[in-house]
Amino acid sequence: MWSGYMDLTFMPHLWSWNKNRQLEKDMKTSMRKREIAALRAAAFTCSCSPASAQVEVVLPGTRFHLDLWLSFTVQNWILDVGRAIVMLVLPADWFPLKRAGAADCLHFLYSITAPLILLKMLERSPRMLPGLAVHLGIIAIAMGTTLHLVADSITRRLLLIGYQLHLPVRENPIMKDLNPPALVEFFELLFYYDDTVGHMMWYVPFFLVLVLFFSGCFSPREQQDKMPLSAWMLLAPNAAYYWYLITEGQTFILFTFTFFAMTTTVMHQRRRGLVLNSNGLFMLYSFSAALCLVVIWVACLWNNSILRKKLPGLIYIPQPCAVYTLHLQQITQI
């Protein structure tokens, strides 16, 4: 009976002790969540006050992302530039014309790896687009590369029967012999999907991701760092790929707007006391070197009357593949 009485008197105290302990745990958990939310808000808030510049000291990602830029450069040179080289150089009889060739396989792989690397860039960027915009961008890149894949596959087979890349579609000898003549418009539609629709769906999200990544490549002036040796080694191939992207992809306008946005961001961040880190310097130097290469390329081919027929507009940037087929034709005529 005494033990039962003790249990009855002790139970309220035990219940209140457990309740107080649970309240303390809830308070600690809520305080911890508030601290984490405050740190996240401070890290990702862009403010013009001096205090916000000090907050950016603790932002991650100031080191040079060697793994990201190395995979980006290797993918572009092997799967994108290598595809065009394989299409022009590899013998056609190695693969049947009614099946995918080596260049098509490289293009398949690029359509898979390019969105993955761009998503990895967005993950390391402090400024993130809404989820819907990211999904639409990835879908657009996949559709753009697919349209480019189909057009390139057909172009490779046209080259085998005498198609010349340095001439407009209607001025090609094989197009003049088509019967009925309305078939030429079908090929013009094909190249329209390739050069206009496909490139826009492919390169607009591509350059937008680069701008977003570049916007987070800043650090306080006190923590200014220099480019490591690995960045200098990747600078030349990365700049050369941007040159290929401008010339072969005809993306001069998009590239110029991207470069203008980058330089504007640099001037704006300098007023806040922020400077580029190693990743930002790598991107800015790569874009600057690519523009220099484009100027040299255009200057060397400025007086070429044959290439002028295909690019009669104000922006005259010859495509490397067109220059190659023109040079090959001149060699065969000698």
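The structure is a predicted model, in which local features need pLDDT of at least 70, side-chain atom pairs count only at pLDDT 80 or more, and totals for chains, interfaces and linings use all residues. Residues are numbered from 1 along each chain as its sequence is written, and side-chain values use heavy atoms, with hydrogens and water left out.

The protein contains 12 helices and 2 strands, where helices (H or I, at least four residues) and strands (E, at least two) are DSSP runs numbered from the N terminus. Along the sequence these elements follow the pattern α-α-α-α-α-α-α-β-α-α-β-α-α-α. Of the 334 residues, 40% count as buried; here buried means under 20% relative accessible area, exposed over 50%, and partly exposed in between, with a 1.4 Å probe and protein chains only. Among contacts (heavy atoms within 4.5 Å) between residues at least 6 apart in sequence, 78% join residues at least 24 apart.

Turning to the helix pairs, helix 4 (residues 102-123) packs with helix 5 (residues 131-159) at an angle of about 160°, and their axes are 10 Å apart. Axes are lines fitted to C-alpha atoms, for helices over the stretch in contact, and angles run from 0 to 180 degrees between N-to-C directions. Helix 4 is therefore roughly antiparallel to helix 5, given that angles under 35 degrees count as roughly parallel, over 145 as roughly antiparallel, 65 to 115 as roughly perpendicular and the rest as oblique. On the helix 4 side, the residues that meet helix 5 include H107, F108, Y110 and L119, while I138, I141, H148 and L149 are among their partners in helix 5. By class, this contact has 10 nonpolar, 5 polar and 3 charged residues; Ala, Val, Leu, Ile, Met, Phe, Trp, Tyr, Cys and Pro count as nonpolar, Asp, Glu, Lys and Arg as charged, and the others, Gly among them, as polar.

Helix 8 (residues 229-247) and helix 10 (residues 278-300) pack at about 50°, with axes 8 Å apart, and are therefore oblique to each other. Among the residues meeting here are W232, L235, Y242 and W243 from helix 8, and F282, Y285, F287 and W297 from helix 10. This contact comprises 17 nonpolar, 3 polar and no charged residues.

Setting aside neighbours within four places in sequence, F282 contacts F64, W69, M227, A231, L234, L235 and N238.

A few individual residues complete the picture. H135, in helix 5, is exposed, with a relative accessible area of 52%. K120 belongs to helix 4 and is partly exposed at 36%; its C-alpha atom is separated by 7.8 Å from that of L68, 52 residues apart along the chain.

Most residues other than glycine have a negative phi, and most peptide bonds are trans. In this model, a cis peptide bond joins N179 and P180, with omega about 5°. Q250, in the loop between helix 8 and helix 9 (252-271), has a positive phi near 55° and is partly exposed, at 33% relative accessibility.
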